[in-house]
Amino acid sequence: MTSENTSIDEESVESVTPSELKARIDDGEDVFLLDVRSEDNYDEWRIDGETVESVNYPYFELLDGVPEDLLAELPDDRTITVLCAKGGSSEMIAEFVQEEGYDVNHLEDGMNGWARIYEYAELDVDVDATIAQYRRPSSGCLAYLVVSDGEAAVVDPLRAFTNEYVQDLRTLGAELTYAIDTHVHADHISGIRTLADDTDATAVLPAAAAERGVDYDIDFERVTDGETLAVGNVEIEVIHTPGHTTGMTAYRVGDVLFTGDGLFTESVARPDLEDPEAAKRAAKTLYESLTEKVLPLPDETIIAPAHFSDAATAQEDGTYTAELGELKETMAALSMDEDEFVEFVVADMPPRPANYEEIIAANLGQETPDDKAAFELELGPNNCAASEEAMTN
């Protein structure tokens, strides 16, 4: 398809917001993306989906126009969405594509805008509280809000979205009591300190996580296995489940278990981010945590993890949760003996999260990146699971 047979609108190319693009993908529309970031950035992190087709062609190879080999890959029966890192280069390239006669738009704010999508959905659970899951599609990060009788707790909040939690609390008519982390995260900057500063909430860390050398400029509460935190009419039970990290801790509210990075709906945790040299020992500890603390819980327990990967399957309402009994039946790793489990978990771990050492240092309080630097550190996939593929049947 060429411009010889098409009348070109001289106005600048249209843009599509990240939320609009996400809605199209969620609705099952066929989406074609021309990603003009570098090949390395594309390979590390891109927009995927069952109905998403994408082509990568770095923008610096398109400065003189659209080459024939790329034109051969572009569809003439669908809208092409061009995207880059921040939205500037994609608009210029989209204009070149439009001049060739294609129906095209570009992604507003690029992948940075995609990283700012944050979704809220309430879980359908039999608990005397409203429990909501927050989803960050760009990285697979999950956080949770527990609201009961005018009080609330947020579990694994992201610093980049603290305003979202505060606004939702206003809507729900609740005051934040606790801002809780399950462990020292390696893929995003924690929001517990910011929330403690912005509200009257108490920041909460597992005691074993604090022992890694946490140095905060605010007071925070340390919790240990078996303790509880009261939020309105419910109690949050603290269950120490080390393995992913020494401090990894799950929190239970009724039949809902916030597993952090200990157990996902499609995989188990990777054991190497805290100490790569001790991965096998940590995998053994993870096995003990799962078999002694998690698997003995009732089968109807709802597993609510801190992350999901591209291999995970969402529920019909878009949330990433699963009943424990279902995971026992479908995830072979949960029925292995200890030796088999350890070898399986460490056999083929994916690349570590981008900038994980700097992120850990920030979450320990050893580094203090500003908001812009913190946001940029987080860009990319989480890679906190032991496998890039689903371990479920």
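I took contact to mean heavy atoms within 4.5 Å. With that in hand I looked up T259, and, leaving aside its neighbours within four places in sequence, I find T259 in contact with M248, A250, I303, A304 and P305. The model is a predicted one, in which local features need pLDDT of at least 70 and side-chain atom pairs count only at pLDDT 80 or more, while totals for chains, interfaces and linings use all residues. Residues are numbered from 1 along each chain as its sequence is written, and side-chain values use heavy atoms, with hydrogens and water left out.

I place T259 in strand β16 (residues 256-260), where helices (H or I, at least four residues) and strands (E, at least two) are DSSP runs numbered from the N terminus. T259 has a relative accessible area of 2% and is therefore buried (buried is under 20% relative accessible area, exposed over 50%, partly exposed in between, with a 1.4 Å probe and protein chains only). I then turned to S12, which sits in the segment before β1 (14-16). Beyond its neighbours within four places in sequence, S12 is in contact with E91 and E95, and its C-alpha atom is separated by 9.2 Å from that of A94, 82 residues apart along the chain.

**Entry: nonpolar cores**

I used the rule that a nonpolar core is a set of buried Ala, Val, Leu, Ile, Met, Phe, Trp, Tyr and Cys residues joined through side-chain atoms within 4.5 Å. The largest such core holds 66 residues, of which Y165, L263, V268 and F341 touch the most other members. Helix α9 (residues 279-294) supplies the largest share of this core, six residues. Apart from it I find another core, of 28 residues, including V127, Y144, V146 and Y178. For L263, once neighbours within four places in sequence are set aside, the contacts are V268, L290, V294, I303, P305, L324, L327, M331 and L334.

**Entry: aromatic rings**

I paired rings of Phe, Tyr and Trp (its six-membered ring) if their centres lie within 6.5 Å, with planes under 30 degrees apart counted as stacked, over 60 as edge-to-face and the rest as tilted. The count comes to 10 aromatic pairs. The ring centres of Y287 and F341 are 5.4 Å apart and their planes stand at 55 degrees, so I log this pair as tilted. The pair links distant parts of the chain, Y287 in helix α9 and F341 in helix α11 (residues 338-347), 54 residues apart, and both Y287 and F341 are buried.

F308 and Y320 form a stacked pair, at 3.9 Å centre to centre and 5 degrees between the planes. Both residues lie in the loop between β17 (302-305) and β18 (322-323), so the pair ties together parts that are 12 residues apart in sequence. F308 counts as buried at 11% relative accessibility, and Y320 is buried with a relative accessible area of 13%. I also note one aromatic cluster formed by Y118, Y120, Y134, F161 and Y165.

**Entry: charges over rings**

I required NZ of Lys or CZ of Arg within 6 Å of the ring centre and within 35 degrees of the ring normal. The charged end of R46 sits over the ring of Y42, 4.6 Å from its centre, and R116 lies over the face of F375, at 3.8 Å from the ring centre.
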